[in-house]
Amino acid sequence: MTTGELIRSARLRAGYSQKELAQRLGMASSSIARWETDTVEPGFSTLRRVLQACGFDIPPVLVAYERDPERDARIQEMRELTPQERMTRLLDRLDKPAR
Amino acid sequence: MSDPRFDPYEILQELGAVKTGFVLVGGLARVIHGSDETTRGLDLAPSLNKESLRRLGVALDKLQARRVDGQPLDLSDLDPQREPVIELQSDAGEIKIVLEPAGTRGYEDLRIRANREPLGQGVRPAVASPGDLVRMMEALDRQPDPLVLETMRRVLELDRRLTIER
């Protein structure tokens, strides 16, 4: 779930329009719209304030997160390619018979 | 049996030639952003503007696209609620017309954050943003491939970091 979806979900569950939520927070409704579409991401304290205005909160719980170095290396490798090279790579793979 | 033909360049060239409005979504869009997955189809969210749909129809005719369910293809009467996805088979491969990709409000919603990506051979389609692609996967009725979803989340994270550092 993206931050925007979290905010939208909290707002809808609270039954507020974007304008109503913005009024409760004392800010422009365009800010809410930008957050909900993930165009702009609010900071953590702002996010909590927004959720609290809707009657929710994020429990500050830390859970272990392990990186997958192999996956990260594969992503890094892909990111170093241009979009065109990524397409070429896909088409090369499709041309090869399945093993 | 050999796999069906898939030539995304041919499809994109025909779509580009008629100047129809669409945003590329699905597996191919994710590959363009850096997902290391394999896909044999092209998914697009079309503009629902009448003239744009007419042009899309012209391109699909040229590609000899027909519905996989055997029904006639009629782009003049589309309804995302009634039929959210239209599956087509064309001479250049599978095409899915996704009127309202999961978790989004369709073309008008996606095009704001989409980028035109140069793919070579004269094609430069609008491709849905990594954030929207993640959102679509998370909103699917079925469970998305966790590896692909994690990869796209990581791509999104790296993209955001790049934006901040710029």
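Helices (H or I, at least four residues) and strands (E, at least two) are DSSP runs, numbered from the N terminus. This is a predicted model, in which local features need pLDDT of at least 70, side-chain atom pairs count only at pLDDT 80 or more, and totals for chains, interfaces and linings use all residues. Residues are numbered from 1 along each chain as its sequence is written, chains are lettered from A and ligands numbered from 1 in the order in which they are written, and side-chain values use heavy atoms, with hydrogens and water left out.

**Exercise 1. Describe the elements and the spread of chain A.**

Solution. Begin with the elements: chain A has 6 helices and 0 strands, and from the N terminus on they run α-α-α-α-α-α. Chain A is more spread out than a compact globule, because its radius of gyration is 20 Å, well over the 13 Å that the globule rule gives for 99 residues. This radius is taken over C-alpha atoms, and the rule is 2.2 Å times the number of residues to the power 0.38. Then take the extent, where the C-alpha trace of chain A spans about 60 × 30 × 25 Å along its principal axes. Finally, 34% of the 99 residues of chain A count as buried, a term that means under 20% relative accessible area, with exposed over 50% and partly exposed in between (1.4 Å probe, protein chains only).

**Exercise 2. Carry out the corresponding description for chain B.**

Solution. Chain B comes to 6 helices and 7 strands, and the order of its elements from the N terminus is α-β-α-β-α-β-β-β-α-β-β-α-α. A compact globule of 166 residues would have a radius of gyration near 15 Å, and the 16 Å of chain B agrees with that. The C-alpha trace of chain B spans about 50 × 35 × 30 Å along its principal axes, and 52% of the 166 residues count as buried. Turning to contacts (heavy atoms within 4.5 Å), among those in chain B between residues at least 6 apart in sequence, 57% join residues at least 24 apart.

**Exercise 3. Locate Gln13(B) and find what Gln13(B) touches.**

Solution. The residue sits in helix α1 (residues 8-18) of chain B, and Gln13(B) counts as partly exposed because its relative accessibility is 35%. When residues up to four places away in sequence are not counted, Gln13(B) touches Gln121(B) and Val123(B). For Val123(B), which is 110 residues apart from Gln13(B) along the chain, the separation of the two C-alpha atoms is 6.0 Å.

**Exercise 4. Determine whether Ser52(B) is buried or exposed, and identify the backbone atom that its side chain approaches.**

Solution. Ser52(B) belongs to helix α3 (residues 50-62) of chain B, and with a relative accessible area of 8% Ser52(B) is buried. A polar atom of the side chain of Ser52(B) lies 2.8 Å from the backbone nitrogen of Gly21(B). Leaving aside neighbours within four places in sequence, the residues in contact with Ser52(B) are Thr20(B), Gly21(B) and Ser47(B).

**Exercise 5. Work out how far helix α5 of chain B is covered.**

Solution. Helix α5 (residues 130-139) of chain B is mostly covered, since 8 of its 10 residues are buried. The buried residues of α5(B) include Pro130(B), Gly131(B) and Leu133(B), together with the charged side chains of Asp132(B) and Arg135(B).

Key:
Polar contact = N/O pair within 3.5 Å; in protein donor to acceptor, adjacent residues only side chain to side chain.
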